[in-house]
Structure formats: C-alpha cells, structure tokens
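Student: Could you walk me through this model? I would like to start with how the pieces are named.

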Amino acid sequence: MIKGFGGIFWRTRNIDVLKNWYKEVLKIEMEDWNGTVITPHTDNATIFSFFTESDGYFPIDQQVMLNFQVENIEDSIKHLEQMDVPLVKEQENSEFGKFIWIEDPAGRRIELWEKQV
C-alpha cells in the first residue's frame, strides 16, 4: 500500500531564514511555494522509526528529527565547516553507516547519514 513518504511538513516562525539556511547548508533548493521535491537516488533508503518519549537519541522536546542520506560524510563535514555550522554531536560509525548531527536555525536537530555499503 505505501510507496514511500510523500512529504515532510512543519510550521516555522521565519520561513525565509529557514529556506535560506537549508539552501546554503544542505543544498536543498526551495521553490517559491516554500518547498521542493527531493527525488531519491536508486541506492537511497528511507527509514521510518518510532522512539519512546524518553529516548535520548535526539532532544526530548523535539517531536521529529529529519535524517538526510548523504553521499560522503567527510565531504559533508568539510562543507559544514566552511559554512560555520558546528556538529552538535561527534561522528558515530556503526554497522549501519556513518552519522553526524547539526541543528537548523530553529534549533531542530538534523541527522546526516552515509549508508554502509
């Protein structure tokens, strides 16, 4: 029945600041309708997962965390450093791949993931 996620939607106080930040930092080009269509690559994977209210994997006061799959985590870190966007946690490596975390201007934690191949 489900083919994939159709979209991620959230409210924000300052659309222009977030649109610009996501464009500059994550290279997501936002269109005039305040969104964009991200077409996945064939090797992309989308994870849908629940966490308990007390799980500390991401901030407890944050109801949703975005995870973006990236081609190369080291290149992503270099780009973030050039943009003066700090990591909020040290890089973690596991059997699933490599992970880093940043925050957007609204304070939402975002996970960047290089999938283990």
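Tutor: Helices (H or I, at least four residues) and strands (E, at least two) are DSSP runs, numbered from the N terminus. By that naming, D84 lies in the loop between α2 and β2 (89-94). This is a predicted model, in which local features need pLDDT of at least 70 and side-chain atom pairs count only at pLDDT 80 or more, while totals for chains, interfaces and linings use all residues. Residues are numbered from 1 along each chain as its sequence is written, and side-chain values use heavy atoms, with hydrogens and water left out.

Student: Okay, how many helices and strands does the protein chain have, and in what order do they run?

Tutor: There are two helices and four strands in the protein chain, and from the N terminus on they are arranged α-β-α-β-β-β. The radius of gyration, taken over C-alpha atoms, is 15 Å, close to the 13 Å that the globule rule (2.2 Å times the number of residues to the power 0.38) gives for 117 residues, so the chain is as compact as a globular protein of that length.

Student: Back to D84, is that residue buried or exposed?

Tutor: D84 is exposed, with a relative accessible area of 68%; buried means under 20%, exposed over 50% and partly exposed in between, with a 1.4 Å probe and protein chains only. Its phi is near 60°, a positive value in a residue other than glycine.

Student: And what is the phi of N34?

Tutor: Phi of N34 is near 70°, again a positive value in a residue other than glycine. N34 sits in the loop between α1 and β1 and counts as partly exposed at 37% relative accessibility.

Student: Switching topic, which residues have the most contacts inside the largest nonpolar core?

Tutor: A nonpolar core here is a set of buried Ala, Val, Leu, Ile, Met, Phe, Trp, Tyr and Cys residues joined through side-chain atoms within 4.5 Å. The largest one has 17 residues, and those with the most contacts inside it are W21, Y22, L26, F68, I102, I110 and L112. At least two residues each come from α1 (15-26), β1 (66-69), α2 (73-82), β3 and β4, with α1 giving the most, five residues. A second, separate core of five residues includes F58, F99, W101 and W113.

Student: What does I102 touch?

Tutor: Taking contact to mean heavy atoms within 4.5 Å, and not counting residues up to four places away in sequence, I102 touches a list that includes W21, L26, L80, V88, R108, I110 and L112.

Student: R108 is in there, so where is that residue placed?

Tutor: R108 is in the loop between β3 (97-103) and β4 (109-115), and it counts as buried at 19% relative accessibility. Leaving aside neighbours within four places in sequence, R108 is in contact with W10, R11, T12, L18, Q62, I102 and E103.

Student: How much of the whole chain counts as buried?

Tutor: Of the 117 residues, 28% count as buried. As for contacts in the chain with a separation of 6 or more, residues 24 or more positions apart account for 52% of them.

Student: One last thing, how far apart in space are N20 and M30?

Tutor: Their C-alpha atoms are 8.1 Å apart, and in sequence the two are ten residues apart. N20 belongs to helix α1 and is partly exposed, with a relative accessible area of 38%.
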